[in-house]
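User: Could you walk me through the salt bridges in this one? I'd like to know who pairs with whom.

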Amino acid sequence: MKNIVKYRKEDADASSPFSRLPDEIILQIINKLIDFKTLGFCYLVSKRFSSIVLQVDAISFTVPFIDPNIPDKNTVDDVVPSRPFPPMVSSFFGESFLSTYTFLSKFKGVKSLSIELASFGHRAIDNRCLFKWKVKFGNRIESFMFLSPHSVYDKDGSSLSGNGDEEEEENLVIHGMFRRNFEISLQCLEDVIAWHIMLMDIVKDLPMLEEVSITDSGRRGRLSLSGEKLIEVKEWVNSASKAEFSRVEVPTVMSNGYIPLLKLPVSGYVMKEIYFGVMKMKDLEGGNDGVMSIENGSEDKEEAAYTEAVMEILEKHMGMMLTLVDGVLV
């Protein structure tokens, strides 16, 4: 979205076919584009187009990987965000993303927003590593769950994916799997905190939103809001003080453990050598039942299997977990 506000081409010829169309028809056409980059090009066509483009009700865009070792010069120099993002968000997504977000905040009528982020590009995490995470949240992160099986098999016994060779399984568990996955889970939680900060800003800046989703290109996890859940968050962001809005709360109760084998009765999947971690707020009500939140939206077979695995572990295997509260083993 380079220099999108700084530069605009000359207005389109008044005699062009588009100039004879009413604004309502042009908006109907542009509303079908959705892609944010394409909408940006339309915004540059003319003053008339720029005002129409800002009325679209659906936007989708992908944030490219930013290498932190390479200066990010793809920015809009003369646009300052209404509220600067915390350093965590800025460092994760780069100055060009912040510039893009500033342009996004002009779309006050958008109702549906979908953002896809690069899959752990800023982390030393192998994208082939097998794991997914789930999070329960509102105006704060209530709980975060991380699940990483060494291998996954379907109901016919066919291997769907794995983190290494079978013969290395035992050695991996003994010497490194647990610690490696614990470290990855903490990195993912840090990512989720940054996503959540960004999501709260989006809800505050785009008052007409009816649904919003942030995911990653590897489909490891998702933050999404819609319906009553979004209404509740809107009420909070519009009533919270500056101090309340800026406060970042981090889960302080941590449970994790190792499960050798998990058979999932609904999907028929089998997972082996599983690391599972839960991090939650100390004041979260409902025990293990209050940890999980079922999001609206469709899941593919793999996502559904991971959801089933999380539910199965919460129901039957939490007694095997080690739990720390504020860093103290309980």
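**Salt bridges**

Analyst: Counting side-chain nitrogens of Lys or Arg within 4 Å of a carboxyl oxygen of Asp or Glu, you get seven salt bridges. Bear in mind that this is a predicted model, where local features need pLDDT of at least 70, side-chain atom pairs count only at pLDDT 80 or more, and totals for chains, interfaces and linings use all residues. Residues are numbered from 1 along each chain as its sequence is written, and side-chain values use heavy atoms, with hydrogens and water left out.

User: Is R140 buried or exposed?

Analyst: Buried means under 20% relative accessible area, exposed over 50%, and partly exposed in between (1.4 Å probe, protein chains only). R140 has a relative accessible area of 15%, so R140 is buried.

User: Which residue does R140 meet in a salt bridge at 2.7 Å, N to O?

Analyst: This partner lies in the loop between β9 and α8, so the pair ties together parts 143 residues apart in sequence. R140, E142 and E249 are linked with the partner in a network of salt bridges. The partner is D283.

Conventions: Helix = DSSP H or I, 4+ residues; strand = E, 2+ residues; numbered from the N terminus.
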